[in-house]
Amino acid sequence: MFSRSTRMVWKVAGVGALVMSIGLFAATARAGVKPGDVITPQNAAQVKDLVSPGVYYMVTHGMQMDIVPAERIDWPPPYKDATEKYSSQVRLTDDHRSLVGYVAGQPFPLIDTNDPQVATKIMWNNVFRPISTDDYDLRFFDCQIEYVNPGHEQKVINDIQVGHYAGYDLVGRTEVEPLPVDPDFKKTGRLWLFGLYPLLAPQEARGQGLIRYRYASPKQGDDTWSWTPGSRRVRRLNETLNSSATGAQSFDPDHYSGFNPKTEEYNYKFLGEKEMLAVVHARHSPEVTCPTDGGASACPEDWEMRHMYVVEATPDRTLSQAGNVLDKDTVVYMDSEVWFEPYVDGYDQKGALWRTNIFWAAYRDRPVPDAKVAIYPFKREFIVGSARYDVQSGFATMCYLPGQATPERECWYINMGAVDKDFFTTQSMVKAAP
């Protein structure tokens, strides 16, 4: 296993947040890999210092990486405009935990790695990221549960199918009215709403769902409710359960979309910045099942050099909400253009690598090539695959976004008004259960 002592602390002086592709190409060459290289377990050592320990584990256990030239990624124009308009008025509170003056766009577009609060600012940029600012609805996706099994055929333990994975932001809206803040925010203090329901498979879990609210107040924890058709009961969950896997799979709500617990409940340490490999121009949508690791990942896929900020997040154990979080700490690898984490590694109470998340992203103007409705006037990032691995047990969950056999081909509807606040109620969750 990988221990805390294996983590590297990086510092690359004079490298800005936006790095042109020619510079990243040069960095790739210097690093010992170049476009056209194919990385397998046999030559995995070439990328050991270019990925997180969790990603390296997957490469050594069968996940193939195809190295391609790096390409630049631009923010959606409305998000860029909001950043230019509002970012100058944003600052951290006196205790350096919350935001003051935020309206829309990126809170801190000018990252100074010498700033004592740089880690906290990076994590607030993660909260208000460009990938989705108003609403999103991912329809009919599936997750396959298996063990990492190098060199063997996929043996699915469980296949989960979900009707909706959706969110609604009340603050920071840039594309869909009301802009830039939903008036409901002043009444409820809710920052965003999330819903995952109904589960369509497996049969024994059919109809299950989850609703979650995040609040702007640093002292108010998340509200979370689940619905279990068997008992026909809505259950309010303790906030700490958001760091626990739900059902027979390895994902937990705090890692559905990168690193997503309540920001003020963690302390952050900046570990440095470095050029690292990630998938941000995925060639497949839907993603393909990796044939060389038992189906635990998506491969082969295109990996390119990206400029990353690396932040260690540690639960503030003085807070009751964070006192029982399972991970001792988490290392977040943040892409400095996309502002979404291509991978996140979690460490157990002994400091050993425990769980890792990998996200495969595509940059295009539609989620699938044959889309007819979900088409945008500009390119944006879509997460087309996500995986969660327990590296200590080998248990894995690989999710396909969109699903490989979905009845809804377009799947991702981002900032299109596809859902409103009424979707994110326990009543709607119960009503939708088949």
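This is a predicted model: local features need pLDDT of at least 70, side-chain atom pairs count only at pLDDT 80 or more; totals for chains, interfaces and linings use all residues.

The protein chain holds six helices and 18 strands. Its radius of gyration is 20 Å, close to the 22 Å that the globule rule gives for 434 residues, so the protein chain is as compact as a globular protein of that length.

**Confidence**

- Over residues 1-26 the pLDDT stays under 50, and for this stretch the model has 63 contacts beyond four places in sequence.

**Overall form**

- The C-alpha trace of the protein chain spans about 55 × 50 × 50 Å along its principal axes.
- Of the 434 residues in the protein chain, 62% count as buried, and among contacts with a separation of 6 or more, 67% are between residues 24 or more positions apart.

**Surface and charge**

- The protein chain exposes about 17000 Å², of which carbon and sulfur atoms supply 53%.
- The protein chain carries 45 positive and 55 negative charges, and the mean positions of these two sets are 4 Å apart.

**Helix H2**

- Helix H2 covers residues 53-60, and seven of its eight residues are buried, so the helix is largely enclosed by the rest of the structure.
- The buried residues of H2 are Pro-53, Gly-54, Val-55, Tyr-56, Tyr-57, Met-58 and Val-59, where buried stands for a relative accessible area under 20%.
- Gly-62, which comes just after H2, takes a positive phi of about 115°.

- Val-279 lies in the loop that runs between strand E11 (266-278) and strand E12 (301-315).
- With a relative accessible area of 2%, Val-279 falls under the 20% cut-off and therefore counts as buried.
- When neighbours within four places in sequence are left aside, Val-279 is in contact with Glu-301, Asp-302 and Trp-303, and also with Phe-359, Trp-360 and Ala-361.
- Thr-228 is 51 residues away from Val-279 along the chain, and the C-alpha atoms of these two residues are separated by 36 Å.

Technical notes:
Residues are numbered from 1 along each chain as its sequence is written. Side-chain values use heavy atoms; hydrogens and water are left out. pLDDT is the predictor's confidence in each residue, from 0 to 100. Contact means heavy atoms within 4.5 Å. Helices (H or I, at least four residues) and strands (E, at least two) are DSSP runs, numbered from the N terminus. The radius of gyration is taken over C-alpha atoms; the globule rule is 2.2 Å times the number of residues to the power 0.38. Buried means under 20% relative accessible area, exposed over 50%, partly exposed in between (1.4 Å probe, protein chains only). Accessible areas come from the Shrake-Rupley method with a 1.4 Å probe; for residues, only the protein chains shown count as cover. Lys and Arg count as positive and Asp and Glu as negative; His and the chain ends are not counted. The place of a charge is taken as NZ of Lys, CZ of Arg, CG of Asp or CD of Glu.
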